[in-house]
Amino acid sequence: MNAPFKSSSPNIPGIVNGLSVDVEDWFQVGAFEDVIARGEWDSIKTRVEDNVYRVLDLFAEAEVSATFFTLGWVAQRHPEMIRRIAAAGHELASHGYDHARVFTMDRSAFAQDIRKARSIIEDCSGVAVTGYRAPSFSIDQRTPWAFAELAEQGYAYSSSVAPVVHDHYGWPEAPRFAFKPLPWSPLIELPVTTAILGGRRVAAGGGGFFRVLPYGFSRWAIRQVNRDEGRPACFYFHPWEVDPDQPRVGHAPLRSRLRHYTGLARMAGKLRELVHEFRWGRMDLVAHREAQRANDLFLPDPAAPCSAIMA
């Protein structure tokens, strides 16, 4: 399996990849949502602030800017951290309020969730929030109204679609690169990066895949997207992934523990290599650059099933 990942090439001139951090704490992840109730969150010692500061130091060392998709719940409890992110020149964007997946809400609840999170983040930071990422990439064929709500609330872009098959999320029929989901709005969707291996789409945009797989896979995948397809990669990770000393949830299912804890000790080193090897920037910059060549994905009726409107 390692053979396809050995080739190397320089960065592609003009391409800036999107670097992003999904700001949530270790106990707020999807893998533990069935064993740690939201009602318990305030009784758990948070570790997100120290981990975010480690990430900020790493980005400063590499002289890169990124987007921090932040839970409103976290911003509400760590306003100084939010101000430090903004002061360092990074983009603050919304990750919803409390990590509720979009497909678990109706449109009214979703509208309230993104409005609340945005208000908290803007109040803490003093800067406008124009980007959104759904928790667990949970905008898919079940939520045809989500893009319309984002557009109506004035968001400029979303990065909420994972165009792959996955047991936890995924919209495999969605485009791999930037698209415009609404004919009446300039809203841009920036799907998380996938690569083509053996004629099939494979997830290559960060998170657990980056932690678990050899670094050479991510190098190969990003270079494929940059060099062969001439497009920027959209990469993400979480602050808790640079924290190998975080508490262990012994009563969680084995699959959840493997998904969450594997590779934590190696993550910081792999991230350091990644941010130094490629060109990175904020997601709002990527959205601006990709707007002119984003594919149209027409939604004649926000209530129509997405399977009926895919080109």
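The model is a predicted one, in which local features need pLDDT of at least 70 and side-chain atom pairs count only at pLDDT 80 or more, while totals for chains, interfaces and linings use all residues. Residues are numbered from 1 along each chain as its sequence is written, and side-chain values use heavy atoms, with hydrogens and water left out.

Let me start with the second largest pocket. Twelve residues line this pocket, and R201, V202, A203, F209 and F217 lie nearest its centre. Its volume is about 240 Å³, where volume is the space filled by probe spheres set on the points, joined across faces, edges and corners. Strand β9, residues 200–203, gives the most to this lining, with four residues. Helices (H or I, at least four residues) and strands (E, at least two) are DSSP runs, numbered from the N terminus. By class, the lining has nine nonpolar, one polar and two charged residues; Ala, Val, Leu, Ile, Met, Phe, Trp, Tyr, Cys and Pro count as nonpolar, Asp, Glu, Lys and Arg as charged, and the others, Gly among them, as polar.

I turn to the largest pocket. Its volume is about 470 Å³. Of its 24 lining residues, H168, Y169, G208, Y236 and R259 lie nearest the centre. Helix α6 supplies the largest share of the lining, five residues. This lining divides into ten nonpolar, nine polar and five charged residues.

Next, the interior. A nonpolar core is a set of buried Ala, Val, Leu, Ile, Met, Phe, Trp, Tyr and Cys residues joined through side-chain atoms within 4.5 Å; buried means under 20% relative accessible area, with a 1.4 Å probe and protein chains only. Which members of the largest core touch the most others? They are F59 and F68, in a core of 75 residues. Helix α1, residues 48–62, contributes the largest share, eight residues. Apart from this core lies another, of twelve residues, among them A93, I188, C234 and A287.

Strand β2, residues 67–70, runs parallel to β3 and is joined to it by four bridges. Within this pairing, F69 stands opposite A93.

Terms used. Buried means under 20% relative accessible area, exposed over 50%, partly exposed in between (1.4 Å probe, protein chains only). On a 1 Å grid over the protein atoms alone, a cavity is a set of points where a 1.4 Å probe fits but cannot get out, and a pocket is an open set with protein on both sides within 12 Å along at least five of seven lines; lining residues have an atom within 4 Å of a point. Two strands pair if DSSP finds at least two bridges between them.
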